[in-house]
Amino acid sequence: MQAPNHIFSKQQWRELHSLLNELDDKQSLWLSGYLAATAIESTATENSTNLNIPLIAFGTETNNCKQLAYLFRDLCRKSGINVDVSDLSYIKPRALYKRDHFVVITSTHGDGAPPEPITPFYEALFSNDAPKLNNIKFSVLALGDSSYEKFCATGIQIDHRLEELGGHRFLPRQDCDVDYEESAKKWMASLLTLLPRSSKNASDKLHLNLPITPSECNKSNPVTLEVLSNLNLSSKSRKDPIHHLELAIGSNTISVEPGDAVGVYVANPPELVAALLDATGLSAEHPVTLDGHALQLVEALREHRDLTIPSLALLEYWSNLTNDTELTTIANSTKPDQRRYLRTIQVSDLIIKQPAHPDPQSLINTLRPLQPRLYDVSNSLSAIDDEIHLTVKMYRYPFGKRREEGIASRFLLELQPGDSITIYPHQNTRFHLPKDNTTPVILFAEGTGIAPYRAFIQKLSTLEQAPQCWLLFKEQHFEEDFLYQIDIQRAHINNVITHIDTVFYGDSCEATLHSIALKNEQRLMSWIDKGAHLYFCGKRATLEHCESQLKRHYDFCLGEGKWTSLSKSKRIHRNLY
Amino acid sequence: MDLNTKLPSQLIDNLHENEKLKATSRHLRGNISNGLDNPLTGAVPGDDHLLMKFHGVYQQDDRDLRNERRQRYLENLFQFMVRLRIPGGVLTKDQWHGLDILSRRFAERGIRITTRQTIQFHGIRKRKLRALMQGIHNLGLDTIAACGDDNRGVVCGANPSLSALNKQVNELAKETSNRLIPKTGAYSEIWYQKPTVKTDNEEPIYGDLYLPRKFKVGYAIPPINDIDVYGQDVGYIAIIENGALTGFNVCVGGGMGQLDARTDSYPRLADLIGFIEADKAPRLAETIMTIQRDFGDRIDRHRARFKYTLDRLGLDWFNNELTARFGETLGLPRPFKFEQNGDKLGWHQADDGLWHTTIYIENGRIDGALRDQLSGFFQFYGGRIRLTTNQNLQLTHIADYEKSQIQSRLDDLDLLWRLTPHHQANHLLSCVALPTCGLAMAEAERYMPRLLDLFERLKARHGVNDIPITIRLTGCPNGCARPYLGEIALTGRAPGLYNLYLGGSFHGDRLATLYASNIDEETFSILLSPLLEHYSNERLTNEHFGDFLVRQKLLDSQCTSVNLGNPNV
């Protein structure tokens, strides 16, 4: 075999070759797969941690630009330059500041429009709040068709915009017509001389996210983060939509592990606060004191007091204030009777239906404090280190004869990009991944129960050796409610998720979570036998039913109490709500 | 025939990647069955969607929703278009009834009659595909080779006044289709889940690589050129002497598709090369197909159509090769005459006394109330049904005593006006385009009503609203609605922008010329207005718009009138 001198040193090649000679077929096959898989990992997209590796990003509809991007990657490798290749549709402009070199290869579609798949990137890049890209060196290869008036428009626009945002054009843009190959290759040749060689590009720059204040934040020392985006993952017609929120960590330090949650400080809806102020005739600006701090009544009501569940103290205070016979009767009854009554009303029922004129401070004192709400974090900081993602479903519940909306979910769903939100990290130590990277994991989720698993999967994809992972997921409709479908498909292709089984009960009423697990009974039993950990996350009733069915089957096969002993040895993890 | 002996330089590795895919597909099996069962995606993973075309199934997605769904972390909304194989377009009323039910159970947007005389269902979801295919099978129909690099559904024209002859030609069209479809067991394995016994020679005609590109065969019965015979790879023109079918004039090498970005890509009218006796026509089509199989370009897909093979190797070479393979020389072409390429409207009585009429269907789309009206109508209907290449529905084989009854039932169901549609409306063709066609760059079917309205007003302004002018509208240059044969054609370039072609003939025997590029609706009006005005003032009696433009040299003298060797000219 000829030594490929431009890739290996003679010494390396000799050693490699002598090792290769010793391998049998099976070993060779394994090694080729292993190396190929490693190569795939190194082409990871924005999640890559090798941030000073040049990023080659393409925008395409017909795959011409994609082919050019991969051609260029191969040329780079031959020259000993390590690069990442990614579709622009997976790239967020705000993640670009991490890169030294950003190379764009894009076509223009129709009369000056960007290739359809890159629209999200394009819109974000041209939005008014696009990030500054002061440190980035960029170059653009634009493909177009000169029979259109707006020839190469997308490439030209991106080229100008990157400069406008502070980037440095390290090689002038090349515009290409339908016979693009020659001019593209010339441009690539120039580019090759300008990109850093791999040995060097590891030491180029260390400007990343140095923590400014390393003080740990917690419930009493929460942090305020900016909302970057708030996307509805569900179809517009769904009554209880599920949203995906992305929050910027910025200069804050937050430590959350996959499986952890954050506590979110929410606020009451403004119209509910206004209705209470109207009913009581109190002035919004009236000063009150809360935990030793002076603030206005409206702020206390909006941000610090629970306006949903009434307290015993409020019941007593209100019955005294109104002298209402019914209220007085209840206020004089036993505590259990009082509690039973309070479960049938909300604060607004009491205050708006029996109006009175309370003392502002007494009102504040008798209302319960508004508690922060816990939401599972749906990203892993080891993959996306500067954001916190949340997956939030609109909570609607029947109350008496009406339907109410959950205060917290409504607050979160109405947040706009640019708004602030106050949070603190909440450890969920009983819902972490197993310490040992070889332990298989079986993940059961319904709906937003997928959130911590998305963090798990992101974490697993950064590991050199990831455990076997089996995801079982339940939602309404395949077409509309397959949460994070693209992420999950990619993880499956990259073998981070070994198996996925889904139940879409809106499409077919046949299957349940436990039945699809038991359909693969052999796998279930053998994985548990190998020491697998089982995770249950999501709506309590569904997941508890699922677990009880699995337990029944498991105990039937292996003996009474076997499931309980799995549980006792901390191999069953629950995160139910 | 061994491909490598014919093309020794073209080893599979050097061929277009689709050729490798076919070669390794185990005769169109690929991994389709597993892909259908994969619950993680609504698509068929990998390249299998290319193989599925050979089964008559196109993977598409709703392009209107792509962006929104990507933001929602959802894959594209994948769905499938299923195209039936109905050689000659003839259906029984029971088959119609069955297709109607299938469209309600499985499809979105009803039933679409295509420009190749068959039916397409749109919006089928993956998990329902097999059930639909089995439903089609139960009606005695299939979808094999309705798409893909093979012989597509064979089209067949009709002459409403010659009943027995229609039947005779239609039988030949059927025989041709059955002879030329792929014989692989993959189809029934995948869709009917019936294991087949594999033979060593599963595809005796096609071999492992099938054809380089699609291949289209059509039969026309003069004087109606409804199938656009000069647009077919192999076109047969029925020769009727003393009321009987003697055989066919043969034309080869027609094709519409072109690519705006390539100058070596063009639409081409077929060449008339000779005459063949009727019963030999199916075998002749097969022979011509094997020549294209062995000599078509398998490296450059854009140049793979038969028309380019002919132009590359020459007509003389082709005729020699054909004689050698077929074993006899073709006769001289015989006289014939085409009068129109639209459907012959109104009631017509055939030589056997049975009546025919045509129900006009806008864009071939049968959905909503129209589907219900037709469903109601066919419940009490004794005749047969024929789909036309102008996307209409013909009622055939109606006895004298039924005619008035049918007339009043059509009236009752508000269908009667469709027998005498406005002239102009019956001379439009459009393809599906957005949102489901992956090739579309602009709207077509969804834009047609607006375009028609605009055009009618233009014509009215210049007092020519009584004269039909053929208009073809497509979302891309590929030619599904045969744009280059229209008197006026618009082919999509970008949303709202089209290339304008003018000057095709009303009979479909002359190509239109590119008149203006990248025009919008307003420019369309501005460009056409003076031409229509001119036409209104200067036209000869019965002169069609396309012919007028050519005679008056209004097309910048770019117009090339092709001599078709028509003995009547």
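**Exercise 1. Where is the place of Arg26(B) in chain B?**

Solution. The model is predicted: local features need pLDDT of at least 70 and side-chain atom pairs count only at pLDDT 80 or more, whereas totals for chains, interfaces and linings use all residues. Residues are numbered from 1 along each chain as its sequence is written, and chains are lettered from A and ligands numbered from 1 in the order in which they are written.

Step 1. Arg26(B) sits in the loop between helix H2 (17-23) and helix H3 (32-37) of chain B. Helices (H or I, at least four residues) and strands (E, at least two) are DSSP runs, numbered from the N terminus.

Step 2. Most residues other than glycine have a negative phi, and most peptide bonds are trans. Arg26(B) has a positive phi, near 50°.

Step 3. Arg26(B) has 14 other C-beta atoms within 10 Å and is therefore partly exposed. A residue is buried if 20 or more other C-beta atoms lie within 10 Å of its own, exposed if 12 or fewer, and partly exposed in between, with C-beta atoms placed from the backbone.

**Exercise 2. Determine whether Cys152(A) is buried or exposed, and describe its backbone.**

Solution. Step 1. Cys152(A) belongs to the loop between strand S4 (137-143) and helix H5 (153-164) of chain A.

Step 1. Its phi is positive, about 55°, although Cys152(A) is not a glycine.

Step 2. Cys152(A) counts as buried because it has 25 C-beta neighbours inside 10 Å.

**Exercise 3. Describe how H8(A) packs on H9(A).**

Solution. Step 1. Helix H8 (residues 270-280) and helix H9 (residues 297-304) of chain A pack at an angle of about 135°, with axes 10 Å apart. Axes are lines fitted to C-alpha atoms, for helices over the stretch in contact, and angles run from 0 to 180 degrees between N-to-C directions.

Step 1. H8(A) is therefore oblique to H9(A); angles under 35 degrees count as roughly parallel, over 145 as roughly antiparallel, 65 to 115 as roughly perpendicular and the rest as oblique.

Step 2. Val273(A), Leu276(A) and Leu277(A) of H8(A) make the contact with Val298(A), Leu301(A) and Arg302(A) of H9(A). Residues are in contact if their C-beta atoms, placed from the backbone, lie within 7 Å.

Step 3. These residues comprise five nonpolar, no polar and one charged. Ala, Val, Leu, Ile, Met, Phe, Trp, Tyr, Cys and Pro count as nonpolar, Asp, Glu, Lys and Arg as charged, and the others, Gly among them, as polar.

**Exercise 4. Characterise the contact of H8(B) with H10(B).**

Solution. Step 1. The axes of helix H8 (residues 163-180) and helix H10 (residues 281-295) of chain B come within 9 Å and cross at roughly 35°.

Step 1. H8(B) contributes Leu172(B), Glu175(B), Thr176(B), Arg179(B) and Leu180(B), which meet Ala281(B), Pro282(B), Ala285(B), Glu286(B) and Met289(B) in H10(B).

Step 2. By class, the contact holds six nonpolar residues, one polar and three charged.

Terms used:
Contact = placed C-beta atoms within 7 Å.
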